[in-house]
Amino acid sequence: MDEAALAKERTEILKRYRSLLNVCRPTIRKEDRKRIRQAFDFAAKAHIEHRRKSGEPYIYHPIAVAKIVVEEIGLGATSVVCSLLHDVVEDTDYTLEDISEYFDEEVSRIIDGLTKISGIFDQTTSIQAENFRKMLLTLSDDVRVILIKLADRLHNMRTLDSLPPKKQLKVANETLYLFAPLAHRLGFHAIKSELEDLALKYTEPEVYQTIQQKLADTREERSRFIQAFTKPIRKSLQKEDLDFNILARTKSVSSIWGKMKNKEVPFEEVYDIFAIRIILNTPYYREKADCWKAYSLVTDIYQPNPDRLRDWISTPKANGYESLHTTVMSRQGKWVEVQIRTARMDEVAEKGYAAHWKYKESATGESGIDKWLRRIREILKSAETDALDFIDDFKLNLFSDEIIVFTPKGELRTLPLGSTALDFAYSIHTQVGDNCLGAKVNHKLVPLSHALKSGDQVEIITSKKQYPKPDWLNYVTTARAKGKIKAALKEQRKNQAEDGKEILERKLKQFKIEFTPENIQKLLDHFKLPAPLDLYYEVAIGKIGQKELKAYVSEQEGGGILSYIRNPFGRQRESQQPKEPPKDPIRQQMKEKPDTLLIGDNLENLSYTVSPCCNPIPGDDVFGFVTIQDGIKIHRNSCPNAVQLLSKYAYRVVKAKWMTSQSIAFLAGLRLSGIDEVGLLQDITNTISSEYNVNIRNIHIDTHDGTFQGELMLYIHDTQHLKNLIKKLKKIRGIQKVTRIGKLEPES
Ligand code: MN
């Protein structure tokens, strides 16, 4: 870099520093400015050789973090000092002793905490959920450590573009998993939404772009609607002499996506893409009365939906949120959410407790900020149940080699991570498992192989006619279920073998062969079977029939040549030994290309398997996960288990990419619903079989009061293929909705 460029950079650094001072000015005393200057000089010197991944001078980052800490979190001078210094001990040759030489004890204590946290987030070891909670609990004496770390993460997410894709995915998932819930619990609504949106941008780029584009496309139409909708409200509020602002707040991309997934509706059907917010400028003592007055004026104009009235003014949320929400019917026949709150409530909602304490008078002489920090400490440490929901979320979602699910009666069951509906059935009772036909998870019908998540409520549907099938072994993960299925299969085999024995006796008689132990042994040798039971079984299911026995007889008579006719597939098809992936090809592939696993070729090498929890197909964004038992498993990036795997076991994640290959079929699931028409099933199967190269593996349709819900499992080649099929299925009379199981196509 030449001298001119460096000089330009120095000017830019100073410019950014001055802009930090500007945002500090209203809240910071003169003597604090000196401390901040000192911290800036120290940090600038310490990081002078450093650059960020983007190539920019490193000091841009601490300055930006300090700015967030003041502007968006609401902390004071000490936190600004610490933000500027937050990466010094971690990333430069300076030590904590150096810091304590120049700065006071409070600052060095916070820097110490920040350095310790960074250890937890070390790139190679990856974050452990347990550690994260421990960190929160042990470091909450210095809550500012956590808040500065939050600001640090926010800035890193804003600048995530310059990291390599694999790291982007890890950081984004960690953010979704840990920091967004933390921000939410602490009441930083704006930060939480931004973190979630930024994370979505990297975990599901296509979804993110699509929704953003749709928001942009509909902006003008929305603003016209809002104008018309708010006009009579403004008039009425003015008439009553209320001082107010009306804003229209558009939902964040991630919360729109959340709604689309939860309610299984397309973008166009998310009715509350925006909310109207009425912000009243009203003195503290009149807040409640004025909010209800505004409510009454609004509902005089528009009919409210009584089910959707939320009063968080009388009882604020645990994180401090206060507001009055109602949903009313507009003249265009669309439901619109209206939020009514005061300017104070609005600031608390956006900025959390920092703003909250600003408004409370100090009675004990404690400053507002100290009170607020104490309150956060209480939230984090509290053992009370109502303050614990944040930690509970962690228990449910994070400590998970295990998941916790509920029976229809609300009883709790703990199952290993990755357990399916069928595992759950066997955990209830062997009979329930053996007769399991399907399950309802959160009242929705799912197949046996459906992977459960913590918090799911599971109801098992049984049928006396159902019995275990060999491929069930692929649907379960618990040892208990596997054992029970194997036992049942063995039992079935034994029963069938008994029939087979009788058949064999009869047949041998025809060939004039006596049913003696010696002759049975000869047959076993001939068919290369280990025990009489296996022989009887194969006879029972027709694998060994007239033709095969004839070949045996002629071989015995010296003919021999016909022996090759024996069905060589008989045993292979039946044996359900789990496919053992040869370990070497995997290792070799990882050694040669440690970064990318190419999937789609060498299927016979079995260097990977697709995971049944999300059934990825070529075209999906995927990653590989190295399992202990089954080699590499391929998951979709949108897999419900992905967040968990990526953040907890990042070191076992292999980047994966599809090769274009038409020769391999993958299992994908579709969910259909609509109105039950005559011939519907026929239409569905015809449509599918008309699509080149698609095979149905199973289909399940449930009708109820003239509507139906169905699930299809198909062998398919890639996403394009699947999209074509979905389009065709949607054209069938009666079908209202077709969605891919586990993922909703945003463009549907
Ligand atoms: Mn940092």
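Me: Before the details, what am I looking at?

Reply: It's a predicted model. The protein's secondary structure comes to 30 helices and 19 strands, and buried residues make up 48% of its 748 residues.

Me: Why is Glu 240 called partly exposed?

Reply: Buried means under 20% relative accessible area and exposed means over 50%. Glu 240 has 37% relative accessibility, so it counts as partly exposed. You'll find Glu 240 in the loop between α13 (219-239) and β1 (244-250).

Me: How do you know that Glu 240 touches Lys 293?

Reply: A contact needs heavy atoms within 4.5 Å, and Glu 240 has contacts with Lys 293 and Leu 297, leaving out residues up to four places away in sequence. Glu 240 and Lys 293 sit 53 residues apart in sequence, and their C-alpha atoms are 9.2 Å apart.

Me: Why are the buried residues of α14 said to be on the same side?

Reply: The buried residues of α14 (residues 253-263) are Val 253, Ser 254, Ile 256, Trp 257 and Met 260. They cover an arc of only 160° around the axis, and that's why they are placed on the same side of α14. These buried residues pack against α11 (189-203) and α12 (205-217).

Me: What makes a group of residues a nonpolar core?

Reply: The members must be buried, of nonpolar kinds such as Leu, Ile or Val, and joined through side-chain atoms within 4.5 Å. The largest such core here has 62 residues, and Leu 20, Ile 36, Val 80, Leu 84, Leu 85, Ile 99 and Leu 195 have the most contacts inside it. Helix α9 (residues 143-158) gives the most to this core, with nine residues. Apart from it lies another core, of 25 residues, including Leu 237 and Phe 244.

Me: Which residues does Leu 85 contact, beyond its sequence neighbours?

Reply: Setting aside neighbours within four places, Leu 85 is in contact with Ala 39, Phe 42, Ala 43, Ile 99, Phe 103, Val 107 and Ile 111.

Conventions:
Residues are numbered from 1 along each chain as its sequence is written. This is a predicted model: local features need pLDDT of at least 70, side-chain atom pairs count only at pLDDT 80 or more; totals for chains, interfaces and linings use all residues. Side-chain values use heavy atoms; hydrogens and water are left out. Buried means under 20% relative accessible area, exposed over 50%, partly exposed in between (1.4 Å probe, protein chains only). Helices (H or I, at least four residues) and strands (E, at least two) are DSSP runs, numbered from the N terminus. The arc is that of the directions from the helix axis to the C-beta atoms.
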